[in-house]
Amino acid sequence: AIFGPSKYGIIPELVSTEKISEANGLMTSFTFLAIIFGTFLASFITDITNRDFIIASLLGTMISLIGVITSFCIEYTPPSGSSKRFNILFVKEIYSTLKLSSKEPSLLAAMFGSAYFLFLGSYLQLNLIPFATQSLGLSDVQGGYLFLITALGIGSGSIIAGKISGKTAELGLVPIAGIAVMICCFLLDIYSSHLAAVIPLVICAGMFGGIYEVPMDAFIQIASPNENRGQVIAATNVISFFGVLLAAGLLYINTEVFHLSAAKGFTIIGTITLFTTALIAYQFFDYFTRFTGMILSRLHFQLTCYGMNNIPTTPAIYVCTHTAWNDTLIVLGTQRRRMRFFIHNEQEHSSKLLMRLYRLLRVVRVPSIDPLENNPDCLKAIQYSLKKGISVCIFSDNPNVFTQIERLKGSPLFSSIMTETSYPIIPISITKEECKKVPPSTNRLYHKYRVPASVVYGVGESGVSLDQKYAFVKAGEYPENR
């Protein structure tokens with residue numbers, strides 16, 4: 001209980017913000033690597049010593065001693081200077097921390113989402129041994145090895161999540177991973193008597209479980225206030241281990257009350273995961289749509305990006321000339337923050353499918369009769385989005401993006417609403433090349449759906465204007481910031 005908050009709370013103090021996700025991936029991976037060896041040794045030592053638990057206890061003590069020695073090698077970090085006293089009324093303390101966390105966007109949802117992972121993992125671990133004996137005809141010791149390969153999957157999934165997340169906490173992965181875990185649970189019930197199917201399914205369940213967990217742990221560390229990070233992580237641990245208790249209770253109810261088989265237990269936990277994933281997808285919808293948009297843009301376009309160092313780590317206002325609906329995919333595919341789009345109404349012949357896509361991406365359609373800079377409702381929506389930590393992209397029908405920026409800055413209404421904030425306004429230039437005719441021998445489908453596109457963000461360090469900069473890019477004379 002003391003070790004957990006310290007282990008995860010120290011990560012933001014040891015590594016920079018852009019490395020937190022990767023560090024969490026490694027931390028979770030090594031944690032489950034230890035679980036793999038621990039699970040293996042628990043079954044192995046029990047087996048070869050004819051259940052001599054004294055030897056197992058001595059081995060555990062030796063491993064703990066190695067951990068103590070290793071702890072002295074951790075880099076020193078300055079004390080936080082907290083003057084907070086220990087409160088014996090810990091339930092009240094946890095409630096206060098949860099109340100504090102609710103003020104940070106998505107932080108409370110991430111805490112409960114992280115706790116659900118431990119509930120899910122604990123249930124899988126407890127259910128695997130009776131599942132192995134009932135459905136597969138294995139011994140209880142052999143059933144312990146099934147969780148070993150599950151933990152192997154969790155470790156590999158944690159590394160994958162850290163790599164995909166890169167410099168941010170990629171919460172868009174969470175709903176996708178939750179759906180995959182749910183499918184694996186249902187399939188474990190369907191193919192419960194086939195060991196050849198069960199092994200890859202438990203590996204996949206573990207792998208997607210690791211992908212599910214790492215972004216939320218990283219987000220908790222990034223989003224929690226520095227002075228309260230230890231309390232937030234401690235509260236998450238309390239909720240998580242309450243989830244472990246619930247997992248044991250659920251297993252008891254399934255087997256002793258309803259007399260369900262262990263295989264049906266996987267269907268029960270899969271159904272619970274379905275509803276939990278739906279709630280998480282609703283809460284993290286902006287992250288999910290941004291991640292989905294990024295994947296679609298990478299599939300549809302051959303993107304070349306310039307001026308990426310002009311993208312701030314804080315929310316910003318982006319202004320871009322609107323040429324086609326897929327401009328939204330390009331912007332989503334080239335930056336890693338949640339984004340809200342404001343687009344002038346297209347012509348009446350816009351398809352219903354396009355309008356549904358815009359609603360999915362949370363696009364705000366600005367009435368053409370009332371310019372954005374004079375529309376108080378849209379401007380307040382922009383201000384609200386920025387305060388929630390969501391960047392804003394304004395798609396203008398003006399071919400000169402700088403003219404639109406000057407119109408915004410010159411609007412008294414825009415200035416009055418934005419006086420409380422200091423978010424930068426960054427111009428974007430998007431250019432898509434025409435699909436060229438290709439010889440019959442080449443892959444025409446590839447050339448049709450892999451469209452070359454270039455994106456330029458902002459003004460470079462040399463002060464060159466956006467239009468000049470893009471001219472240099474086209475001429476191949478401006479390689480910096482690529």
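By class, the residues around the largest cavity split into seven nonpolar, three polar and no charged; here Ala, Val, Leu, Ile, Met, Phe, Trp, Tyr, Cys and Pro count as nonpolar, Asp, Glu, Lys and Arg as charged, and the others, Gly among them, as polar. This is a predicted model, where local features need pLDDT of at least 70 and side-chain atom pairs count only at pLDDT 80 or more, while totals for chains, interfaces and linings use all residues. Residues are numbered from 1 along each chain as its sequence is written, and side-chain values use heavy atoms, with hydrogens and water left out.

Back to that cavity: a cavity is a set of points, on a 1 Å grid over the protein atoms alone, where a 1.4 Å probe fits but cannot get out, and lining residues have an atom within 4 Å of a point. The largest one has a volume of about 70 Å³, a volume being the space filled by probe spheres set on the points, which are joined across faces, edges and corners. Its lining includes Phe117, Leu120 and Gly209. Helix H6 (107–135) gives the largest share, four residues, with helices being DSSP runs of H or I, at least four residues, and strands runs of E, at least two, numbered from the N terminus.

Now for a strand. E1 pairs with strand E7 (residues 451–457) in the parallel sense over six bridges; pairing takes at least two DSSP bridges. In this pair, tyrosine 306 stands opposite valine 456 of E7.

Key. 1 Å grid on protein atoms, 1.4 Å probe; cavity = no way out; pocket = protein on both sides within 12 Å on 5 of 7 lines; lining within 4 Å.
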